[in-house]
Amino acid sequence: MTERFLLYIDLLGFSEIVQSKSDLLPDLFRILDKSNAHKHGDFSAIQFSDTLLVYNVPEVTSEHDRSYVAMYLCEFAQEIQYMLLGRDVYLRGLVTYGQFDDTGQTPNGKYEHVRAFWGEALIKAYHAESSIQAVGLFVDETVRPHMDIFETHPYDSQKGIWFADTATMLRGKFLEGTDFRYAKYDITATGNESLLAYDLVYLKKLFQHGHDEALPPRVRMKYLTTWEIYRQKYPGLCSALEENNFDFSKVIEIDWKPFTDKIGTPDGFFG
């Protein structure tokens, strides 16, 4: 069997969507179908129901290769979550490393009618992802050493699971304090309003769903857990957002409406 990096993604609340929001399903699968994971020549993707698997096809042989593959798998998850944001749908994913084989990648296919895939990495990812009571992307101890681009934060140290921060613009140092006047000039000068809008709306949705009494407690806790991770990383920003009822323009003095209105539309950065 071949050792590979494997991204395992599930859409949260899929059963409820099937039962009560089935008209949303074609659009959700269009989003999954649109992912760059299907277009990059170094990766292959398998979709079944609400689960997406993505793995590297060429074997990795160097530390550069491992970091390269880990980065791209995180970017695929990041892109999908941004595209889902306009539909108020969220994912939970895990990246792991281990044995994984897929008959769809053999030269002529082993079987005539069945695409078979299996391996220790798939079993490990399934069990680990199912145990995570949060939303977002996570990596295990086999992947974390190769995370050069995306920051990781402890989630379950006993199980070796780490949260991967896929927010694009929040990683800017200008958002780590409590004075965001410089942030305004940096954001507008670089033209990054449309990207940061996704991160701000994502934080807002995490907080809102985490405090939504209409949701079951176990569901609220998943959103709150991820919100708390960001609140610990960006205490000034998250406190300011809460204090201003998530009126982004009162925290960073930019007219955010033209950018947030485009999220989930063909005109959005992730249309």
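1. Contacts along the chain. In this predicted model, residues 24 or more positions apart account for 68% of the contacts in the chain with a separation of 6 or more, where a contact means heavy atoms within 4.5 Å. Because the model is predicted, local features need pLDDT of at least 70 and side-chain atom pairs count only at pLDDT 80 or more, while totals for chains, interfaces and linings use all residues. Residues are numbered from 1 along each chain as its sequence is written, and side-chain values use heavy atoms, with hydrogens and water left out.

2. Overall form. The chain has 10 helices and nine strands, these being DSSP runs numbered from the N terminus (helices H or I, at least four residues; strands E, at least two). The radius of gyration, taken over C-alpha atoms, is compared with a globule rule of 2.2 Å times the number of residues to the power 0.38; for 271 residues a compact globule would have a value near 18 Å, and the 19 Å of the chain agrees with this. Along its principal axes, the C-alpha trace spans about 60 × 45 × 40 Å.

3. The chain exposes about 12900 Å², of which carbon and sulfur atoms supply 50%; accessible areas come from the Shrake-Rupley method with a 1.4 Å probe, and for residues only the protein chains shown count as cover. The mean positions of the 27 positive and 40 negative charges are 3 Å apart.

4. Aromatic pairs. A search of the whole structure finds 24 aromatic pairs, in which rings of Phe, Tyr and Trp (its six-membered ring) have centres within 6.5 Å, with planes under 30 degrees apart counted as stacked, over 60 as edge-to-face and the rest as tilted. Phenylalanine 138 and phenylalanine 163 form an edge-to-face pair, 5.4 Å centre to centre with 70° between the planes. Since phenylalanine 138 lies in strand β7 (residues 136–140) and phenylalanine 163 in strand β9 (residues 161–164), the pair ties together parts that are 25 residues apart in sequence. Both phenylalanine 138 and phenylalanine 163 are buried.

5. A pair between helices. The rings of tyrosine 202 and tyrosine 230 have their centres 6.5 Å apart and their planes at 85°, so this pair is edge-to-face. The pair links distant parts of the chain, with tyrosine 202 in helix α6 (residues 193–210) and tyrosine 230 in helix α7 (residues 217–233), 28 residues apart. Tyrosine 202 counts as buried at 8% relative accessibility, and tyrosine 230 counts as buried at 2%. Ring pairs link Tyr90, Phe138, Tyr155, Phe163, Tyr202, Tyr223 and Tyr230 into a cluster.

6. Positive phi values. Most residues other than glycine have a negative phi. Serine 49, in the loop between β2 (43–48) and β3 (51–56), has a positive phi near 55° and is partly exposed at 44% relative accessibility. Asparagine 245, in the loop between α8 (235–243) and α9 (248–251), also has a positive phi near 55°, and asparagine 245 is exposed, with a relative accessible area of 65%.

7. A distance across the model. Aspartate 179 is found in the loop between β9 and α5 (181–190) and is partly exposed, with a relative accessible area of 41%. Aspartate 179 and glutamate 63 are 116 residues apart in sequence and 39 Å apart in space, C-alpha to C-alpha.

Notes. Lys, Arg positive; Asp, Glu negative; His and termini not counted. Charge placed at Lys NZ, Arg CZ, Asp CG, Glu CD. Buried < 20%, exposed > 50% of the residue type's maximum accessible area, 1.4 Å probe, protein only.
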